[in-house]
Amino acid sequence: MLLALCSAKRSKRKHYTPCKNIVLYYHDIIYNGTNAANATSSIVAAPQGANLTKLAPQFHFGDMIVFDDPITLDNNLHSKPIGRAQGFYMYDTKNAYTAWFSFTLILNSPYYEGTITLAGADPTIKTTRDISVTGGTGDFFMHRGIATLITDTFQGDAYFRLRIEIKFYECW
């Protein structure tokens, strides 16, 4: 009997269709000691002896960054924001560029009204990365799904932009 169960053909995973899709752009300008007027994120914790205006060596391990970044509908930093991304990311691996994100998209525009909460690991070297959408409010009340992060542009330690493709699989 056990042998029959072990050798039985696995059933295919059910393919789910999203009930809602959104594409947004996240713009992060890290504070470097001279750009306080334009910075949207700042290092708030770093390895002992590290400088809080410069990311740590060795894959930025130990740095924690808090952000209040603009969210737009296109990839232009100067487009009118439709909301803010507020939260933090921390570099959590010594041998690769990997961060762990936890943040909320706070949307207030004619297009979207409400919040979307996201969290998960971001192995930044990969072309696409998925993190969890754990809930929301307003237009996104009780929504859950997956957010695919794609690095749209990267300018060293000064600026990066993410394309965030959100697919909701639970919509209320």
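A definition to begin with: a residue is called buried under 20% relative accessible area, exposed over 50%, and partly exposed in between, using a 1.4 Å probe and protein chains only. What you see is a predicted model, in which local features need pLDDT of at least 70 and side-chain atom pairs count only at pLDDT 80 or more, while totals for chains, interfaces and linings use all residues. Residues are numbered from 1 along each chain as its sequence is written, and side-chain values use heavy atoms, with hydrogens and water left out.

By salt bridge I mean a side-chain nitrogen of Lys or Arg within 4 Å of a carboxyl oxygen of Asp or Glu.

One joins arginine 84 to aspartate 68, with 3.1 Å between the closest N and O atoms. Arginine 84 is in strand 4 and aspartate 68 in strand 3, 16 residues apart, so the pair links distant parts of the chain. Strands here are DSSP runs of E of at least two residues, helices are runs of H or I of at least four, and both are numbered from the N terminus. Arginine 84 counts as partly exposed because its relative accessibility is 29%. Aspartate 68 is partly exposed too, at 33%.

Next, arginine 129 and aspartate 122, whose side chains meet at 2.5 Å, N to O. Are these two residues buried or exposed? Arginine 129 has 3% relative accessibility and therefore counts as buried; aspartate 122, at 2%, is buried as well.

The next pair is arginine 144 with glutamate 170, where the closest N and O atoms are 2.5 Å apart. This pair also links distant parts of the chain, with arginine 144 in strand 8 and glutamate 170 in strand 9, 26 residues apart. Arginine 144 is partly exposed at 43%, and glutamate 170 is partly exposed at 32%.

Now strand 4 and its partners. Two strands are taken as paired if DSSP finds at least two bridges between them. Strand 3 (64–72) and strand 4 (83–91) are antiparallel over eight bridges, with phenylalanine 67 opposite glycine 87. On the other pairing, nine bridges join strand 4 to strand 5, again antiparallel, and tyrosine 91 stands opposite alanine 99. A hairpin of six residues connects strand 4 to strand 5.

Which residues of strand 4 are on the covered face? They are Gly83, Ala85, Gly87, Tyr89 and Tyr91, while Arg84, Gln86, Phe88 and Met90 make up the uncovered face. In a regular strand, side chains alternate between the two faces of the sheet.

Strand 8 and strand 9 (residues 159–170) are antiparallel over eleven bridges.

Methionine 142 is partly exposed, at 40% relative accessible area. Between strand 8 and strand 9 there are three residues, and glycine 156 in the turn has a positive phi of about 60°.

Finally, the interior. A nonpolar core here is a set of buried Ala, Val, Leu, Ile, Met, Phe, Trp, Tyr and Cys residues joined through side-chain atoms within 4.5 Å. The largest one has 31 residues, and those with the most contacts inside it are Tyr26, Tyr89, Leu105, Ile116 and Ile166. Elements giving two or more residues to this core include strand 1, strand 4, strand 6 (113–123) and strand 9. In soluble globular proteins, nonpolar side chains tend to be buried together.

What does isoleucine 116 contact, leaving aside neighbours within four places in sequence? Counting contact as heavy atoms within 4.5 Å, its partners include Ile22, Phe103, Val133, Phe140, Ile166 and Phe168.

That is where I will stop.
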